[in-house]
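Please describe this structure for a reader who has not seen it before.

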Amino acid sequence: MAPRRKRVLAANWKMNHGPTAALAFLESFLDRYAPHDDRTVILFPSALAFSAARTAAAARPDVRFGVQNIHSAEKGAFTGETSASIARDAGAQYVLVGHSERRHVFGETDAQTAEKVIRAASEGLVPVLCVGEKIEEREAGQTDAVVVRQLRAALQALPPATTAGVLIAYEPVWAIGTGRTATPGDASSAHSAIRAELQAIAGAESDAIPILYGGSVTAANAAALLAAPGVDGLLVGGASLEAESWASICNS
Ligand code: PGA
């Protein structure tokens, strides 16, 4: 029998909430969400709000933090960038890698995504690797092929034991920020292709890897998506910005 994976609920704030808003958010959210042993909550604030948010949750180690992006280099002359070790030093445990906006707005390639995964893992940050197809790829029946290609490219250089420590988020590009959510059936189908490929890449150890769904998740559709076979958690953008709706999703 497959191991029971802990549910993961991750909030991607993108370029929203400065330190002041992050503080207000956490006061309200922590009042509404009590620690749960059976789930992990992760917040991804913007880089400049990271420390304020983390400090505001200092009494709640059950709430974890990650950064939205890192550079693949260890350190150096990369004005404006954040390294994995700086993120670790600031208290990050996770990093989003390969998010649709990094790939399709900032032009990050599969190869750059792979470099970031390697850097994150080597510095002790858990990569949350995002994969997902564009609408034209879905319509051409290429969904599984696209996510498999993205997984292979990003994970091929990692030893299986390290791969077993990553998180995957399936985020169809057409569902992100559009109000058009994948059906639970669509999510299950892509998650099952991802699960099979993880098994091929990392063998039995890959059973531990949680696969999250993301793309227009709301407090209203979270429970149905979480009930879909193969969906181990959610990566939420817009609906994670309000403490009330985010607490409702975390309490689902
Ligand atoms: P959304 O974003 O929930 O606003 O669609 C999800 C994401 O980009 O991670």
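This is a predicted model: local features need pLDDT of at least 70, side-chain atom pairs count only at pLDDT 80 or more; totals for chains, interfaces and linings use all residues.

Residues are numbered from 1 along each chain as its sequence is written, and side-chain values use heavy atoms, with hydrogens and water left out.

The protein carries 22 positive and 26 negative side chains, and the centres of the two sets are 2 Å apart. Lys and Arg count as positive and Asp and Glu as negative, without His and the chain ends; each charge is placed at NZ of Lys, CZ of Arg, CG of Asp or CD of Glu.

Eleven helices and eight strands make up the secondary structure. These are DSSP runs numbered from the N terminus: helices are H or I with at least four residues, strands E with at least two. The radius of gyration is 17 Å, close to the 18 Å that the globule rule gives for 252 residues, so the protein is as compact as a globular protein of that length. That radius is taken over C-alpha atoms, and the rule is 2.2 Å times the number of residues to the power 0.38. Along the principal axes, the C-alpha atoms fill a box of roughly 45 × 45 × 35 Å.

Of the 252 residues, 50% are buried, where buried means under 20% relative accessible area, exposed over 50%, and partly exposed in between. A nonpolar core is a set of buried Ala, Val, Leu, Ile, Met, Phe, Trp, Tyr and Cys residues joined through side-chain atoms within 4.5 Å. The largest such core has 61 residues, of which Phe29, Ile168, Tyr213, Leu234 and Trp246 touch the most other members. Leaving out residues up to four places away in sequence, Phe29 touches Val41, Val63, Ala243, Trp246, Ala247 and Cys250, a contact being heavy atoms within 4.5 Å. A second, separate core of twelve residues includes Ala10, Tyr94, Cys130 and Leu235.

| Residue | Location | Relative accessible area |
|---|---|---|
| Ala200 | helix H9 (residues 184-202) | 61% |
| Leu48 | loop between strand S2 (39-44) and helix H2 (50-56) | 77% |

Notes
Buried means under 20% relative accessible area, exposed over 50%, partly exposed in between (1.4 Å probe, protein chains only).
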